[in-house]
Amino acid sequence: GKKISFSVPTGNFGDILAGYYAKRMGLPVDRLVVATNENDIVHRFFSKGEYFKPKGVSPTLSPSMDICVSSNFERFLYHMSGDDADTLRGWMETFEKTGEL
């Protein structure tokens, strides 16, 4: 069948995570696209492999996207860890201490 793509304008990760889960459950999803502004923590992770807390937030015309840390992203990281809670805990403890993954 034909695959569908979703584009979500957001700084947080909940809606795109729902699309990821739908794909894992069998929905024919082609691409999941996160649209963001200069507060681009999720984009940096997927394009450069960087996930760190910036010094501050750049105010923009889209305040719901003006975030330093993307909520719900740790749920995706859980799957990236092979569904290993201990690995995720280590990553998140490091993130809390250093501001970086």
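User: Before we start, what are the ground rules for numbering and confidence?

Analyst: Residues are numbered from 1 along each chain as its sequence is written, and side-chain values use heavy atoms, with hydrogens and water left out. Since you're looking at a predicted model, local features need pLDDT of at least 70, side-chain atom pairs count only at pLDDT 80 or more, and totals for chains, interfaces and linings use all residues.

User: What pattern does the protein chain follow along the sequence?

Analyst: Helices (H or I, at least four residues) and strands (E, at least two) are DSSP runs, numbered from the N terminus. On that basis the protein chain has 4 helices and 2 strands. Read along the sequence, the pattern is β-α-β-α-α-α.

User: How do strand 1 and strand 2 pair, and what handedness does the β-α-β unit have?

Analyst: Strand 1 (residues 4-9) and strand 2 pair in the parallel sense over 5 bridges; pairing takes at least two DSSP bridges between the strands. For the crossover, right-handed says that, with the strands pointing away from the viewer, the path from the first strand over the helix to the second runs clockwise. The unit made by strand 1, helix 1 and strand 2 is right-handed.

User: Which residues form a nonpolar patch on the surface?

Analyst: Patch members need over 30% relative accessible area and no salt bridge; like charges are joined within 9 Å, nonpolar side chains (Val, Leu, Ile, Met, Phe, Trp, Tyr) within 5 Å. Accessible areas come from the Shrake-Rupley method with a 1.4 Å probe, and for residues only the protein chains shown count as cover. One member sits in the loop between helix 1 (14-24) and strand 2 (29-35), and the patch has about 230 Å² of accessible area together. The names are Ile4, Phe6 and Leu27.

User: Is Leu27 buried, exposed or partly exposed, and at what percentage?

Analyst: Buried means under 20% relative accessible area, exposed over 50%, partly exposed in between (1.4 Å probe, protein chains only). Leu27 therefore counts as partly exposed, at 35%.

User: How many salt bridges are there, and which side chains meet in them?

Analyst: The rule asks for a side-chain nitrogen of Lys or Arg within 4 Å of a carboxyl oxygen of Asp or Glu. Asp40 and Arg44 meet at 2.7 Å, N to O, while Asp86 and Arg89 meet at 2.6 Å, N to O. The count comes to 2 salt bridges.

User: Are Asp40 and Arg44 buried or exposed?

Analyst: Asp40 has a relative accessible area of 18%. Arg44 comes in at 10%.

User: Why are Asp86 and Arg89 separated by about one helical turn, and how accessible are they?

Analyst: They're about one turn apart because they lie 3 residues apart in helix 4 (residues 85-98). Asp86 counts as exposed at 56% relative accessibility. Arg89 is partly exposed, at 44%.

User: Which residues does Ser7 touch?

Analyst: Ser7 is found in strand 1 and is exposed, with a relative accessible area of 51%. Contact is heavy atoms within 4.5 Å. Not counting residues up to four places away in sequence, Ser7 touches Val33 and Ala35.

User: What phi values do Asn72 and Asp83 have?

Analyst: Neither is a glycine, yet each has a positive phi. Asn72 is found in the loop between helix 2 (41-48) and helix 3 (73-80), and Asp83 in the loop between helix 3 and helix 4. Phi is about 75 degrees for Asn72 and near 60 degrees for Asp83.
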